[in-house]
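Try each task yourself before reading its solution.

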Amino acid sequence: MTVPASSFHHPSSRRAVLGVIVSQFPELHETFIARELAALRDGGVPCRIYSMKRCRDRIVHPEAQTLRERVTDVAWDDVSVWLRAAVMAVNHPLKACRALGWVLRHHAWPLGMLAKALSVWVQSMVLAAMMRRDGVTHVHAHWATMPTT
């Protein structure tokens, strides 16, 4: 389905930008995500793709390759993500602690889930700044799993 960009409205005067959070992009066995994002692009919907893991696939589907310039990695194993998150936590300690409290209340057990949630907490601080920088006005988390934390 093609969604015309004019169907997105935002109270401000600027044009709406869709931010799509995915676990990994591109991912060879999830070509439907690439097709959906390509359809949005072809329909004129401005969007940015934020990947929570770096693509490790050796083969990239051609349709996904056409979207690579829209992808920003916010990988948990990227030291710069952790450093930027630390700076943000120092600059905005109340917001960081409030978000951390939510993570601890909702994902404290089992410990494996807590470790993932803490990693996503770090990534989300950086992701928020990136989305603000990119002018994202609408957010969609594809495959509603840990990225929606």
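The exercises below go from the overall fold to helix packing, cores and cysteines.

A word on ground rules: this is a predicted model, with local features needing pLDDT of at least 70 and side-chain atom pairs counting only at pLDDT 80 or more, while totals for chains, interfaces and linings use all residues. Residues are numbered from 1 along each chain as its sequence is written, and side-chain values use heavy atoms, leaving out hydrogens and water.

**Exercise 1.** Work out the order of the elements in the protein chain.

Step 1: read from the N terminus to get β-α-β-α-β-α-α-α-β.
Step 2: check how far apart the partners sit in sequence. Among contacts (heavy atoms within 4.5 Å) with a separation of 6 or more, 77% join residues 24 or more positions apart.

**Exercise 2.** Find how α3 and α5 are oriented to each other.

Step 1: for α3 (residues 79-91) and α5 (residues 111-134), the axes come within 9 Å and cross at roughly 75°.
Step 2: angles of 65 to 115 degrees count as roughly perpendicular, and that is therefore the label for α3 and α5.
Step 3: look at who touches whom. Residues including Trp82 and Met88 in α3 meet a set in α5 that includes Val122 and Met125.

**Exercise 3.** Pick out the residues that touch the most other members of the largest nonpolar core.

Step 1: the largest has 20 residues, and Tyr50, Val74, Trp121, Met125, Val126, Leu127 and Met131 touch the most other members.
Step 2: α5 gives the most to this core, with 9 residues.
Step 3: another core, of 15 residues, lies apart from it, with Val22 and Ile49 among them.

**Exercise 4.** Are cysteine 47 and cysteine 97 buried or exposed?

Step 1: cysteine 47 has a relative accessible area of 4%, so it's buried.
Step 2: cysteine 97 reaches 53%, so it counts as exposed.
Step 3: look for disulfides (cysteine sulfur pairs within 2.5 Å); the structure holds 0.

Key
Axes fitted to C-alpha atoms, helices over the stretch in contact; angles between N-to-C directions. Helix = DSSP H or I, 4+ residues; strand = E, 2+ residues; numbered from the N terminus. Parallel < 35°, antiparallel > 145°, perpendicular 65-115°, else oblique. Core = buried A, V, L, I, M, F, W, Y, C linked by side-chain atoms within 4.5 Å. Buried < 20%, exposed > 50% of the residue type's maximum accessible area, 1.4 Å probe, protein only.
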